[in-house]
Amino acid sequence: MQATPFLKPVAPAPLAIRLTGRMVDWVVILIGAVMATMVFFNVCLHLFHRDLAWVTEFGELLMVWVTFLGGACAAQRGAHMTITEFIDKLTPPKRRWADAAVQAACLVMLAVLVHYGWSLVNANWGNQLTVLQWPMAFQYMGMAVGCMLMAFFVAWDLWQTLRGVPRETRYPPSE
């Protein structure tokens, strides 16, 4: 798949996975641009002893979303931090099963986070953000949605691992 100047390439995948990945990538870029613009504008206002209170609260909400969506971007590229000193010493068949075990454990943890994330969302529709007066559930939703997307990409990687696709093929090196 051809990369844009902003995005690291990803390995070939079914259309649904590619489209979901690109959508998440561009949403993260958009949120980052909005956050940078808002903060810059608010800093400029400070020169005139002014402040927009909603910028801080909206920035916090966007920070939650960009953090978890960024985690999904990393998951689709296999870019989360790993310590591989032991796993790299395994033979390819054993390495495949070790990779699958790690991905399965990650899926279990992500399922827990998704479950509790949606519980937080459901429990916070009645609570409001102080300045914006929006339901606090929107802020917590970033965790639930981001973890669901991470699980989507991790499940795809687990499927490929179980099919015997080597890591070098699943995650092409940067150019």
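Asp 25 and Arg 22 sit three residues apart in helix α1, so about one helical turn separates them. Their side chains form a salt bridge, with the closest N and O atoms 3.1 Å apart. Both Asp 25 and Arg 22 are buried. This is a predicted model: local features need pLDDT of at least 70, side-chain atom pairs count only at pLDDT 80 or more, and totals for chains, interfaces and linings use all residues. Residues are numbered from 1 along each chain as its sequence is written, and side-chain values use heavy atoms, with hydrogens and water left out.

**Terms**

- Helices (H or I, at least four residues) and strands (E, at least two) are DSSP runs, numbered from the N terminus.
- Buried means under 20% relative accessible area, exposed means over 50%, and partly exposed lies in between (1.4 Å probe, protein chains only).

**Salt bridges**

- The structure holds five salt bridges (a side-chain nitrogen of Lys or Arg within 4 Å of a carboxyl oxygen of Asp or Glu).
- Asp 99 and Arg 95 form one of them, at 3.0 Å from N to O.
- Asp 99 and Arg 95 both belong to helix α3 and lie four residues apart, about one turn of the helix.
- Asp 99 is buried at 11% relative accessible area, and Arg 95 is buried at 18%.
- Arg 170 pairs with Asp 157 in a salt bridge, the closest N and O atoms being 2.5 Å apart.
- That pair links distant parts of the chain, 13 residues apart: Arg 170 is in helix α5 (residues 167–170) and Asp 157 is in helix α4.
- Arg 170 has a relative accessible area of 4% and is buried; Asp 157, at 2%, counts as buried too.
- Salt bridges with shared partners join Arg 22, Asp 25 and Arg 77 into one network.

**Helix α1**

- Helix α1 covers residues 15–46, which is 32 residues.
- From first C-alpha to last, α1 reaches 46 Å, close to the 46 Å expected at 1.5 Å a residue (the expected span is 1.5 Å times one less than the number of residues).
- The buried residues of α1 include Ile 17, Thr 20, Gly 21, Val 24, Val 28, Ile 31, Met 35, Met 38 and Leu 45.

**Leu 149 and Gln 76**

- Leu 149 is in helix α4, and Gln 76 is in helix α2.
- Their C-alpha atoms are separated by 9.0 Å, although the two residues are 73 residues apart along the chain.
- Leu 149 is buried at 14% relative accessibility, and Gln 76 is buried at 13%.
- Setting aside neighbours within four places in sequence, Leu 149 is in contact (heavy atoms within 4.5 Å) with Thr 20, Val 24, Leu 69 and Ala 72.
- Gln 76 touches Val 10, Gly 21, Asp 25, Phe 153 and Tyr 171, not counting residues up to four places away in sequence.
- A polar contact of 2.8 Å joins the side chains of Gln 76 and Asp 25.
- A polar contact is a pair of N or O atoms within 3.5 Å; within protein, one must be able to donate a hydrogen and the other to accept it, and residues adjacent in sequence count only if both atoms are side-chain atoms.

**Aromatic pairs**

- Rings of Phe, Tyr and Trp (its six-membered ring) pair if their centres lie within 6.5 Å; planes under 30 degrees apart count as stacked, over 60 as edge-to-face and the rest as tilted.
- By this rule there are four aromatic pairs.
- Trp 54 and Phe 58 have ring centres 6.2 Å apart and planes at 50 degrees, so the pair is tilted.
- Both residues lie in helix α2 (residues 53–77), four residues apart, about one turn of the helix.
- Trp 54 is partly exposed at 35% relative accessibility, whereas Phe 58 is buried at 17%.
- Trp 125 and Phe 138 have ring centres 5.3 Å apart and planes at 85 degrees, so this pair is edge-to-face.
- Trp 125 lies in the loop between α3 (92–123) and α4 (137–162) and Phe 138 in helix α4, so the pair ties together parts 13 residues apart in sequence.
- Trp 125 is partly exposed at 40%, and Phe 138 is partly exposed at 32%.
- Trp 54, Phe 58 and Trp 134 form one aromatic cluster.
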